[in-house]
Amino acid sequence: VFNIVYFTLNIFRLVCTACACPHSPPEVLSIILDMIEDGNITGGGVGNVDEHWLRWGDYNWFTPLFGACQSSNLAKVKILLDRCQQSNNSFAKGACHNGMSAIHFALASQHPTAASIVTCLSAHLGHQYLSEYREEKTGYTLLHRAAQEASLSSFRRVLSFNVPPNVRGS
């Protein structure tokens, strides 16, 4: 398990770029994470993921996981989920400036592999998170968000999770 504490902005952008670029192979991300873990790229210590990892310096709080989800790269999503674990899953639950989480970025992608990423994230986050989640600003459930912007296959995946459609709880 790989845990990250603090990186300078340039190192963080390097990881974000490797995740968001659809042309960058997953192996590039693995090599960069290996170099960080081995101390060949430094910018801080090693430990639990903290605010510096969850909030990127562009003031949108865009994380590497968001980039991997938005570019619909399942291999990169799996690498990040496997190597950047936290006990409370806050890495996968983190939100950007407008409250969107990684699963929202996956839902918004119209790429053919987006439904697979939605499935991967849902397995990682668990049914309780999927059932209880509400967007802070809108009260939307994942089902609402999927109906608004997901591909048909991603919408069907969310339907299969039996997420309640109630806005703002019950």
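Is Lys93 buried, exposed or partly exposed? Lys93 counts as partly exposed because its relative accessibility is 34%, where buried means under 20% relative accessible area, exposed over 50% and partly exposed in between (1.4 Å probe, protein chains only).

## Basis and confidence

This is a predicted model, in which local features need pLDDT of at least 70 and side-chain atom pairs count only at pLDDT 80 or more, while totals for chains, interfaces and linings use all residues. Residues are numbered from 1 along each chain as its sequence is written, and side-chain values use heavy atoms, leaving out hydrogens and water.

The average pLDDT (the predictor's confidence in each residue, from 0 to 100) is 77, and 74% of the residues score at least 70. Confidence is lowest in helix H3 (residues 51-54), with a mean of 46, and highest in helix H8 (residues 114-125), at 93. Helices are DSSP runs of H or I with at least four residues, numbered from the N terminus.

Lys93 belongs to helix H6 (residues 90-93).

## Aromatic pairs

Rings of Phe, Tyr and Trp (its six-membered ring) pair if their centres lie within 6.5 Å; planes under 30 degrees apart count as stacked, over 60 as edge-to-face and the rest as tilted. The count is 2 aromatic pairs. Phe66 and Phe105 are stacked, at 4.7 Å centre to centre and 15 degrees between the planes. Phe66 lies in helix H4 (residues 64-70) and Phe105 in helix H7 (residues 102-108), so this pair ties together parts 39 residues apart in sequence.

Phe66 is buried at 1% relative accessible area, and Phe105 is buried at 14%. The Tyr129 and Tyr133 pair is tilted, because the ring centres are 5.4 Å apart and the planes stand at 40 degrees. Tyr129 and Tyr133 are both buried.

How values were computed: Helix = DSSP H or I, 4+ residues; strand = E, 2+ residues; numbered from the N terminus.
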